[in-house]
Amino acid sequence: MIVLTQTTEILRQLPDVGGPAQPLLTIRGLTKHFPLRSGLLGRSTGVVQAVDDISFDVRKGETLGLVGESGCGKSTTSRLIMALLEPTSGEVIFDGQAVGYGGLTLKEYRRQVQMVFQDSYSSLNPRLTVRDSIAFAPGVHGVARRSAVTRADELLEAVGLDPAQFGPRYPHELSGGQRQRINIARALALQPRLLILDEPVSALDKSVEAQVLNLLLDLKDQFGLTYLFISHDLNVVQYVSDRVLVMYLGRVAEIGPVDTIYNGAAHPYTAALLDSRPSMDPDRRRLEPPLQGDPPNPVNPPSGCRFRTRCLHAEAVCADKAPPLAPAGPEHLAACLMVLPGSGHSQAPKLAA
Amino acid sequence: MSGRTETLSAAQAELLIQAKGAKTRHPGYWTGVLRRLSRDKMTMVCLSILLLMLLAIVFASVVSPFDPYQTSMIRRLKPPGFAGHPLGTDELGRDMLSRLLYGGRLSWFLGITPVVISLVIGGVLGVIAGFLGGWVNMAIMRTTDVFYAFPSVLLAVAISGALGAGISNAILSMSLVFIPQIIRVAETVTTGVRNLDYVESARASGASSMTIVRVHVLPNVLGPIFVYATSLISVSMILAAGLSFLGLGTKPPQAEWGLMLNTLRTAIYSQPLLAMLPGVCIFMTSICFNIASDGLRSAMDVRS
């Protein structure tokens, strides 16, 4: 652990409440529907089902990778977890305590969960120096200015930037990689337990991307963090994650340990995603794209299984029945009728008599 | 700790060494703006002209060769250089230079005051509308749209006409014309800033709306709003001149550029040079304010 002078007395990571077996974050039935309004009076003409009834756990100390195409609800999920958006329904439980409504207050919760955004430029106030940007959040939580600045310098050092040189700079004087390091330092300033990384390396050069990823893995050990790592880059997710959650059109398609999923996906969507990665091996090169077309409109999602319109294995039953998450292996769940025993799909396992 | 951590620490150390080698001074934001402004020749020329004018009108009582209200029936409409009058005399034989200097006081006052008033009122309303959004935004913005339905000059003339002639009524009517324009700019800029990630991230760190507005919104919106307001000074000056020209602003014998333009227009064939002088003053001032505000805009753009 990094030794923090002075400020350790004021801002330290809050203690573990539920013990190691208790998930750090539990999401139950989280749903966000954005109403579509039109006309002067704002009549509701439909809803965008951005996130529809998703449930998952983030375990203490793990990195959960969250993957999916653009528009599948990854960012909405992260903003719901950050309480930047009000969910339509569902709950967020942090270390056994519900957020809001008599459990953790929003301010207490926000100290423990912080976020790194994709766009390193727009996530830093152009009119604050790097040092002030990092020291802002501790100041909000009542840390004296001097301690907050000391803290900011320690964090700059922790992310590999010289405080004396970078502290007084402005965001536009820095490169993308440096800015993302500062965003990470800023997110760590409150000593959070959970860090939501919303595509933190997508906007960076490949070489810088590797540096930042290694820094993130390093900081995770140093600060005792848990990560929710959102990305559309399957290779990056494989590199950093312990478990992977695949989202499709606002729903969980599959969740399980990273090796299990990358070696044998149970959901055809995951399989297609993994196949879509370019292969270095000319023998394995394919001419047909594994996924055709665009995801359907989330205003009018397909009935039953939402992936059926693009699925190679779709059958009539898929249109009738929304597949629940069913066990596909140890710690491995997939929302596909081919996995659910006795679902009526021709490839589904038979029910044990 | 794993081997990965060790190699990273080495990389960190290397970065630190590089960083220390390239140490440079980091001036504040406004120092940078001033530095960029001082490199912009056109803007500097305009600012110098404005400064000279300001000094001249502030010290009009010292600089003026004559009393601006001293009439003389035998020295009417004399050309520049006549008998110690550097810029000649007007239709009542008053010294032009002295009247232009004293008139500048009123013209500048009428140019700047409505802008300052509407900057404060419009700025506050616009930032509120932009930051809160929703129904508040709807209420404020639809109200400003009502004002937008009328051409600004017509609106100022109508309000002034309804309230009666006079300086305070002219200021009031011009402020009412500018407030909606500033609200609209402030609202647009604030809405843009409100949706940026750093505001989200400040919210995610538990900061209150007041703190977010103070630390993250205001410093980023005041610049553009201020720049827009400075560009309105020239409009305000011309509008004030227009109101005076129509007899709705200042009243004779007060010296004001717009009014002087009006009273001298009958001399446009006999003494065209003389009749032009107040117009030249209005033109010079407003174009200088416009160029200066343009220069300020580009100097405040951090990314350039």
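In this predicted model, the axes of helix 9 (residues 197-204) and helix 10 (residues 209-245) of chain B come within 10 Å and cross at roughly 155 degrees. Axes are lines fitted to C-alpha atoms, for helices over the stretch in contact, and angles run from 0 to 180 degrees between N-to-C directions. Helices (H or I, at least four residues) and strands (E, at least two) are DSSP runs, numbered from the N terminus. The crossing angle therefore makes helix 9 of chain B roughly antiparallel to helix 10 of chain B. Angles over 145 degrees count as roughly antiparallel, under 35 as roughly parallel, 65 to 115 as roughly perpendicular and the rest as oblique.

Helix 9 of chain B supplies B:Tyr198, B:Val199, B:Ala202 and B:Arg203 to the contact, and helix 10 of chain B supplies B:Ile212, B:His216 and B:Val217. Two residues are in contact if their C-beta atoms, placed from the backbone, lie within 7 Å. By class, this contact of helix 9 with helix 10 of chain B has 5 nonpolar, 1 polar and 1 charged residues. Ala, Val, Leu, Ile, Met, Phe, Trp, Tyr, Cys and Pro count as nonpolar, Asp, Glu, Lys and Arg as charged, and the others, Gly among them, as polar.

Chain A is assigned domain 1 (23-241) and domain 2 (247-334). The bounds come from an automatic or database domain assignment. The centres of the two domains of chain A, taken over C-alpha atoms, are separated by 27 Å. In chain A, 21 residues of domain 1 are in contact with 16 residues of domain 2. On the domain 1 side, strand 2 (43-58), strand 3 (63-67) and helix 8 (234-240) of chain A each supply at least two residues. Strand 2 of chain A gives the largest share, 8 residues. This side of domain 1 has 9 nonpolar, 9 polar and 3 charged residues.

Chain A also holds an open sheet of 8 strands, in the order 6-7-8-3-9-10-12-11, with mixed pairing. Two strands pair if DSSP finds at least two bridges between them. Strand 6 (113-116) and strand 11 (326-329) of chain A stand at the edges with a single partner strand each, so one side of each is left without a neighbour in the sheet. Neighbouring strands of this sheet are turned by 25 degrees against each other on average, direction ignored. Strand 3 of chain A runs parallel to strand 8 (residues 226-230) of chain A, and 4 bridges join them. A:Thr63 has A:Tyr227 of strand 8 as its bridge partner.

Residues are numbered from 1 along each chain as its sequence is written, and chains are lettered from A and ligands numbered from 1 in the order in which they are written. In this predicted model, local features need pLDDT of at least 70, side-chain atom pairs count only at pLDDT 80 or more, and totals for chains, interfaces and linings use all residues.
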